[in-house]
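Dear colleague,

I am handing over the structure below for your records.

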Amino acid sequence: MTQIKYGHRLSRLAAHIGAGAIVLAGLAGMAGTAMAQPAAASATEAAQKKTVAVVLTQHKVVKDAQGKEQLLDAGSVKPGDVVEYRATYTNNTGKPVSGLVADLPIPEGLEYLPRSAKPGATLVQAATKDAVFAPEPLMRKAAAGQKPEPVPYADYRALRWTLGQLPASGSTAVSARARVETVVPPAAQVSQAAAANAPR
């Protein structure tokens, strides 16, 4: 199991996109870690106790001989593999948190599997790289005089859940699945991240 832990202030709940880069690094088999160094571990744990902490995990979805699904370590993947992402939110603030919004990035090279987001229905919306969220299936304008057409699921880059209130010491989770189309080399990931963060 690949696991990423981090805490953040409530005003920055949408900062989970940063975790997406770490998840992508795991998909490419990079030997990296998101855990704090030992000297800073106690400070990190103290900060998590005062915030909403998020644990992001990724598993490879496989079926056994009987057709039953199993979730295995996703340390390495290849095209065609299905990966499930799960983000678990735990409220460590000691009081209810309202307006909780959960973002789950879909890294380049992955194709979102339709309606695999949980919880689904009215709670989840999707977006392409333009970051305009709407219910799935996403639609885009077609040529003049033609009806709007569905956006390919390979173009989905993020999911967002409006979860509302999370009680003190409460926990909730969101998840989604995607199929690996291409495994992005580590060098390409660094270049993409640098380009995304470059001043405009």
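The largest nonpolar core has 29 residues, among which Tyr89, Leu159 and Trp161 touch the most other members. A nonpolar core here is a set of buried Ala, Val, Leu, Ile, Met, Phe, Trp, Tyr and Cys residues joined through side-chain atoms within 4.5 Å; buried means under 20% relative accessible area, exposed over 50%, and partly exposed in between, with a 1.4 Å probe and protein chains only. At least two residues of this core come from each of strand 2 (52–63), strand 4 (82–91), strand 5 (97–105), strand 6 (110–112), strand 7 (124–127), strand 10 (158–166) and strand 11 (171–180).

Please note that this is a predicted model, in which local features need pLDDT of at least 70 and side-chain atom pairs count only at pLDDT 80 or more, while totals for chains, interfaces and linings use all residues. Residues are numbered from 1 along each chain as its sequence is written, and side-chain values use heavy atoms, with hydrogens and water left out.

As to the overall layout, the chain has three helices and 11 strands. Helices (H or I, at least four residues) and strands (E, at least two) are DSSP runs, numbered from the N terminus. Their order from the N terminus is β-α-α-β-β-β-β-β-β-β-β-β-β-α. Of the 200 residues of the chain, 35% are buried. Among contacts (heavy atoms within 4.5 Å) between residues at least 6 apart in sequence, 75% join residues at least 24 apart.

Strand 2 has nine of its 12 residues buried, so the rest of the structure largely encloses it. Strand 4 is likewise largely enclosed, because seven of its 10 residues are buried. Strands 2 and 4 pair in the antiparallel sense over 10 bridges, where pairing requires that DSSP finds at least two bridges between two strands. In this pairing, Val54 stands opposite Tyr89 in strand 4. Strand 4 is also joined to strand 11 by nine bridges, again antiparallel, and Val83 stands opposite Ala178 in strand 11. Strand 2 pairs with strand 3 (residues 69–73) as well, antiparallel over five bridges, with Val61 opposite Leu71 in strand 3. The hairpin of strand 2 and strand 3 has five residues between the strands, and Gly67 in this hairpin takes a positive phi near 85 degrees.

The aromatic rings were examined next. Rings of Phe, Tyr and Trp (its six-membered ring) pair if their centres lie within 6.5 Å; planes under 30 degrees apart count as stacked, over 60 as edge-to-face and the rest as tilted. The count comes to three aromatic pairs. Tyr112 and Tyr153 form a tilted pair, because their ring centres are 6.0 Å apart and their planes stand at 50 degrees. Tyr112 belongs to strand 6 and Tyr153 to the loop between strand 9 (149–150) and strand 10, so this pair ties together parts 41 residues apart in sequence. The pair of Tyr153 and Tyr156 is tilted too, with centres 4.8 Å apart and planes at 40 degrees. Tyr112 is buried at 1% relative accessibility, and Tyr156 is buried at 0%.

Finally, Thr128 is found in the loop between strand 7 and strand 8 (139–140). Thr128 is buried, with a relative accessible area of 18%. Not counting residues up to four places away in sequence, Thr128 touches Leu138, Val151, Asp155, Tyr156 and Arg157.

Yours sincerely
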